[in-house]
Amino acid sequence: MQRFQFYNPRSVEDALNFLAEKGERSKIIAGGTDLIPGLRLEEIRPDFVLNIPEINPFRGIKEMDHSFWIGPTTTFTEMVESNLLSRSFPALVQSAASVGGPQIRNRGTIGGNIANASPAADVLPALLAHGGELELQSKRNGKRIIPLAEAILSPYKTCFRSDEILTGIILKKLELGTRSAFEKLGRRKAMARARMNLTLLLRLNHREEVSELRIVPGAVMPVAKRMDRTERMLLGKKPEPLLIEAASKTLAEEMVEVTGARWSTEYKIPVLKNIFKRMMKQLLIV
Amino acid sequence: MKKRGIGIGCMYYGMGYGFSRPDVSAAEVEICEDGSIIVRSGEVDYGQGSDTIFCQMVAEELGIRYDTIQLITADTFATPNAGPTSASRLTYVTGNAMVKASRAIKKTLQSVAEEILGERDLLFLDEEIFSESHPERRISFRQLAKEGHLRGLPMVETAWHDITTKDVNPETGQGDAYSTYAYAAQLAEVAVDTETGEVEVLRIVAAADVGKAINPSNVEGQIEGGVAMGLGYALTEEIKEEGGYLKTRNLGEYMIPTSMDVPPIDPHIVEVPVSSGPYGAKGVGEPALIPTAPAILNAIANAIGVRVTELPANLENLHRLIREKERD
Ligand SMILES: Cc1cc2nc3c(=O)[nH]c(=O)nc-3n(C[C@H](O)[C@H](O)[C@H](O)COP(=O)(O)OP(=O)(O)OC[C@H]3O[C@@H](n4cnc5c(N)ncnc54)[C@H](O)[C@@H]3O)c2cc1C
């Protein structure tokens, strides 16, 4: 193990002061489930490691008038056990439940999943589908709020500045009648990196037409994003089987436009289509 | 769509090395003055439970409790060679050496007991040695051990067991290559997701002929462990290599099944004693694993009519076969 100084801040202010001074040479540690392997493999060589799970204002889940606030060091286990989240964002909770195994879920945090920006992350794409926003804080600039969709620049790279901490995740409440689903495909039933995951949010109007649709596949593109062309195809229309079939083709095309054809596309194209159709069918039965 | 299927896999397996390759094992049994026992053997118990069953064997022969035995194993400085823990051979080969060494030392003890008790029809049971016809004539094992030492008799015996076979005829390939064979059969029930290529193994029923189960729960453990390994071999485990370099470099990438992936396993112990084995026993290590992959692949074929001829039958490989079948 390499050598570094471990700093345990006593407060938010303490942590922000520390980063203002030493941010460039520091790494934040939350659950450590990504950071520790990175240190072991010497992919990163920080001089300082800043420990944030003991900062109380970074924990917990709060309900506001029109939104929810989730603390960055909230663990996946805490998300799964939260009645508040399970009621309001079932697909998000499913994504948290799909992470690794019990040990990883007990340590790994929602903030770490975002900040690590892995292309294979499970919770990050689900949050994207839910229109998540990030609250970032630094000593120099105070607080800023940005959409999650703008935060991930490339694999493992975020727009966070070196003196900033992700201090909260904000999710607007979903409109009544919004249905959601998450599915993960892995090589085994636990401790498996996603081969692919898919989050869908769907709402129909009183005429049974699609009034809202969000489609975010994960682990198939360098950076997960909403598939807007496919979403638009279905918006305002009745989701008939033929239309869903056509939309599934567009969805696969949208993916290939980003990734190009690789050895794995031969598998990913039909399977993404299949999972999409299957999940749409399930959401429409509800 | 999820489709279900059932498949069978069967195997027979030659115990030990066969084909005239040297296959020997040694064990040493020493009786201490206080009646406790020290057993030395180069055998390695890396989890399969051989230490336990060797203590059981020595205890069975000497009529003592098996927790009075101290086992010293796998130390080239202190233990006689038992050969490798491989080829499912320890119970069968080293087990015989254990029984032989125990019987040799029992003979010495028996002569001492005959002299002391003045009886010849002696039984060694529950830490005591007594006459069948006059059960009141008895001596404790502990006392007998002490008497042996007082008389200056050899209280340590080494035995060497050799199962090396003749080679087969080099021209015809005919002959009996192995000292004995193990047999096993397994049934697998699977659900195949035709949309993703995902295979879920729902249940495995596994029968193994072990000759004699020296320790039945040990055998069940071996069967269950073997099935888990066979499942990984069939569905997920893969070592990727590129230009001579390993691309699969750690267990995060080499997908062994987790406890969530292993289905309910229903083990059946079949006992057809083999005269050349200790108490009729033979090995079960590899026989527990070998039928699993064929049973799973046959179940996949039964479910979706696709024959897998290359392992692992993972998501991509199986889905490619499914697509090829749809195209035809
Ligand atoms: C065996 C194993 C299995 C796994 N399985 C999965 C899986 O199935 N799905 C999945 O998505 N992930 C998986 N992961 C990855 C990992 O568990 C998740 O990405 C987790 O969310 C990381 O959170 P953490 O708190 O452990 O992050 P850490 O390792 O503490 O940090 C990760 C990165 O984020 C930064 N960071 C953390 N918190 C903040 C913050 N508040 N502000 C700014 N930067 C911050 C750190 O500096 C670091 O660069 C697995 C990891 C392991 C080891």
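Biologist: Over how many bridges do strand β12 and β13 of chain A pair?

Modeller: This is a predicted model, in which local features need pLDDT of at least 70 and side-chain atom pairs count only at pLDDT 80 or more, while totals for chains, interfaces and linings use all residues. Residues are numbered from 1 along each chain as its sequence is written, chains are lettered from A and ligands numbered from 1 in the order in which they are written, and side-chain values use heavy atoms, with hydrogens and water left out. Helices (H or I, at least four residues) and strands (E, at least two) are DSSP runs numbered from the N terminus, and two strands pair if DSSP finds at least two bridges between them. Strand β12 (residues 194-204) of chain A and β13(A) are antiparallel, and the number of bridges is eight.

Biologist: In β13(A), which residue stands opposite Asn197(A)?

Modeller: Strand β12 of chain A spans residues 194-204. The residue of β13(A) that stands opposite Asn197(A) is Gly218(A).

Biologist: Why do β5 and β7 of chain B each have one side without a neighbour in the sheet?

Modeller: The open sheet has the order β5-β6-β7 (chain B), with antiparallel pairing. Because β5 (122-125) and β7 (138-140) of chain B stand at the edges, each has a single partner strand.

Biologist: Which residue of β7(B) is the bridge partner of Ile129(B)?

Modeller: Strand β6 (residues 128-131) of chain B pairs with β7(B) over three bridges, in the antiparallel sense. The bridge partner of Ile129(B) is Ile139(B).

Biologist: What angle does the direction of helix α3 of chain B make with that of β7(B)?

Modeller: Helix α3 (residues 141-150) packs on the sheet and touches β5, β6 and β7 of chain B, contact meaning heavy atoms within 4.5 Å. Axes are lines fitted to C-alpha atoms, for helices over the stretch in contact, and angles run from 0 to 180 degrees between N-to-C directions. The angle with β7(B) is about 80°.

Biologist: How much area do chain B and chain A bury between them?

Modeller: The contact takes 19 residues from chain B and 16 residues from chain A. Buried area is the accessible area (1.4 Å probe) that two parts lose on being put together, summed over both. Carbon and sulfur atoms carry 54% of it, and the total is about 1,700 Å².

Biologist: With which residue does Glu316(B) form a salt bridge?

Modeller: A salt bridge is a side-chain nitrogen of Lys or Arg within 4 Å of a carboxyl oxygen of Asp or Glu, and six are counted between chain B and chain A. For Glu316(B), the closest N and O atoms are 2.4 Å apart, and the partner is Arg195(A).

Biologist: Which element gives the largest share of the side of chain B that touches chain A?

Modeller: The elements that give two or more residues to this side are β10 (198-209) and α6 (315-327) of chain B. The largest share is five residues, and it comes from α6(B).

Biologist: Is the peptide bond from Leu311(B) to Pro312(B) cis or trans?

Modeller: Most peptide bonds are trans. Pro312(B) lies in the loop between α5 (292-304) and α6 of chain B. Omega from Leu311(B) to Pro312(B) is near -5°, and the bond is cis.
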